[in-house]
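Work through the exercises below with the coordinates open. Each task is followed by a solution in steps.

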Amino acid sequence: WHYNGNLGNVSSQLRQDVVLPDVVGGTEAPEVTKLLDMNGKLVCGDALGGLRIFEWVTGSGEPNNNHPRSISRRQCATMQFGGCSIACIEQVEGQLMAVSVEPGQDSRTLISATSLPVTRRRGVYIVDTEQVTIKAVLDAHTDTVRCMCTLPDGGMLTAGGKMDATVRVWDSLVDKIKADYDNVVDEEARVMTEARIMKQPGYVFDLKVLPDSNGSGVYAVA
C-alpha cells in the first residue's frame, strides 16, 4: 500500500500496488516472511529464500484530493538463497544486512535473482546489498536464528529457536567484517563460529537495545 501521510481523506490516499515476483515453476507468489526498512528502502524476504529490495520515488508537483502525488516503484536488487526460507533480517551497518535462513519447502527459482551460496543451512549471512555478495557467515546456533539485534559498539546479538534456546554475542562484528572486506569479493566468505552466550535469557522472541538516556556508552538489552 502507498500512503502519503494525509489523514484527511484516507480513501483517496491509500491505493494498492501488488508486487509479484517472477518465479520459475508456477505462478503462485511465495509467502513474504519478513520485511525490513533499510536506509529508506524496503527489503522483502520470502519463503523461497528470496530478498527483493525496493525504493519509491514521488512525482513532482503538490498533491491534492483530486490529484494525489504519483508514486513510482523501482526494484533495486533481487537475490536468493536457493532451497531456503528467510527467517529473519536485520540491518548491520550501511549497506550490510544480516540474513537468517532455514531449510525451505519450495525449490522454485526467482527469475533474474542473483544466487547466493548456502554453506550453512541454519546460518546467518552478512550480505552487502550493493555488491550483492556474502561478506561473512555466522554459525554458532543449533537451531534457526529467529531474531537479531545490532549493538551500539558494533557487535550483534542472535537468538536461536527452541532447540537452541541461547542468545549469542558477536563482539566487534562490524570491525571483523571490515577487516576482511576487500578479500571476500572473489574468495569464500569467512565463517565465524565463536560467540559468547548470554547466561540469562534462554529462548526469546525478540531483541531490542535500550540506550542510556544520559548519553553514556552503557546500554540495556530487552
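Two strands pair if DSSP finds at least two bridges between them. Helices (H or I, at least four residues) and strands (E, at least two) are DSSP runs, numbered from the N terminus. The model is predicted, with local features requiring pLDDT of at least 70 and side-chain atom pairs pLDDT 80 or more, while totals for chains, interfaces and linings use all residues. Residues are numbered from 1 along each chain as its sequence is written, and side-chain values use heavy atoms, leaving out hydrogens and water.

**Exercise 1. Find the pairing partners of strand 11 and state the sense of each pairing.**

Step 1. Take strand 10 as a partner: it pairs with strand 11 in the antiparallel sense, over five bridges. Within this pairing, Val127 has Ile134 of strand 11 as its bridge partner.

Step 2. Inspect the connection. Strands 10 and 11 form a hairpin with four residues between them. Val132, in the turn, has a positive phi of about 55°.

Step 3. Turn to strand 15 (residues 190–192), which runs parallel to strand 11 and is joined to it by three bridges. Here Leu138 is bridged to Met192 of strand 15.

Step 4. Check the cover, where buried means under 20% relative accessible area, exposed over 50% and partly exposed in between (1.4 Å probe, protein chains only). Strand 11 is mostly covered, with six of its six residues buried.

**Exercise 2. Describe the surroundings of the side chain of Gln80.**

Step 1. Locate Gln80: it belongs to strand 5 (residues 71–80). Gln80 counts as buried because its relative accessible area is 6%.

Step 2. List polar contacts (a pair of N or O atoms within 3.5 Å; within protein, one must be able to donate a hydrogen and the other to accept it, and residues adjacent in sequence count only if both atoms are side-chain atoms). A polar atom of the Gln80 side chain lies 2.9 Å from the backbone oxygen of Leu48. The backbone oxygen of Arg108 is 3.1 Å from a polar atom of that side chain.

Step 3. Leaving aside neighbours within four places in sequence, the residues in contact with Gln80 include Gly49, Thr109, Ala113 and Leu116.

**Exercise 3. How many salt bridges does the whole structure hold?**

Step 1. Apply the criterion: a side-chain nitrogen of Lys or Arg within 4 Å of a carboxyl oxygen of Asp or Glu. The search finds six.

Step 2. Asp106 is partly exposed because its relative accessible area is 25%, whereas Arg108 at 15% is buried.

Step 3. Examine Arg122 and Asp143, which meet at 4.0 Å, N to O. This pair links distant parts of the chain, 21 residues apart: Arg122 is in the loop between strands 9 and 10, and Asp143 in the loop between strands 11 and 12. Arg122 is partly exposed at 35%, and Asp143 is buried at 13%.

Step 4. Examine Asp171 and Arg196, at 2.8 Å, N to O. Asp171 sits in the loop between strand 14 and helix 2, and Arg196 in strand 16, 25 residues apart. Asp171 is partly exposed at 33%, as is Arg196 at 49%.

**Exercise 4. How many disulfides does a search of the whole structure find?**

Step 1. Use the cut-off of two cysteine sulfur atoms within 2.5 Å. The search returns zero.

Step 2. Read the accessibility of two cysteines. Cys44 is buried at 9%, and Cys84 is buried at 0%.

Note on methods:
Contact = heavy atoms within 4.5 Å.
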